[in-house]
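Reader: I'd like to learn how to read a model like this one. Could you walk me through it, one feature at a time?

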Amino acid sequence: MASATICEFINEHRARRSRYHGHCKTHVQHVLTGIAIDIERLASRTTRHPHRPRRPTTFQQYLDARGLTWEC
């Protein structure tokens, strides 16, 4: 984890104190909280460049010009 991630983990998700007693349960809590943080970050991402369809290839133009279809 990077230091910014640890800082967010401690401050924003109250990880300074564990809800559970015992090393194993605390570890599971931290892993699940880390997964939740990653999901939050992925959900908040926006695409800067929306998907733009690419130009047809020369072969596709050839088929289109002759009214032919090619099934994959």
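Reader: Let's start with the surface: how much accessible surface does the chain have, and what share of it belongs to carbon and sulfur atoms?

Author: Accessible areas come from the Shrake-Rupley method with a 1.4 Å probe, and for residues only the protein chains shown count as cover. Here the chain's total is about 7200 Å², with 55% belonging to carbon and sulfur atoms. Before we go on: this is a predicted model, where local features need pLDDT of at least 70 and side-chain atom pairs count only at pLDDT 80 or more, while totals for chains, interfaces and linings use all residues. Residues are numbered from 1 along each chain as its sequence is written, and side-chain values use heavy atoms, with hydrogens and water left out.

Reader: Okay, and how many helices and strands are there in the chain?

Author: Both are DSSP runs numbered from the N terminus: helices are H or I with at least four residues, strands are E with at least two. This chain has three helices and zero strands, so the pattern reads α-α-α.

Reader: Which residues of α2 are buried?

Author: Buried means under 20% relative accessible area, exposed means over 50%, and partly exposed is in between (1.4 Å probe, protein chains only). In α2 the buried ones are Thr26, Gln29, Thr33, Gly34 and Ile37. They sit on the same side of α2, because they cover an arc of only 135 degrees around the axis, taken from the directions from the helix axis to the C-beta atoms. On the face turned away from them you'll find exposed residues, including Cys24, Lys25 and Leu32. Across the chain's 72 residues, 12% count as buried.

Reader: What is Thr26 in contact with, beyond its sequence neighbours within four places?

Author: Contact means heavy atoms within 4.5 Å. Thr26, buried at 16% relative accessibility, touches Ser18 and Tyr20.

Reader: And Gly34: buried or exposed?

Author: Gly34 is buried, at 13% relative accessible area.
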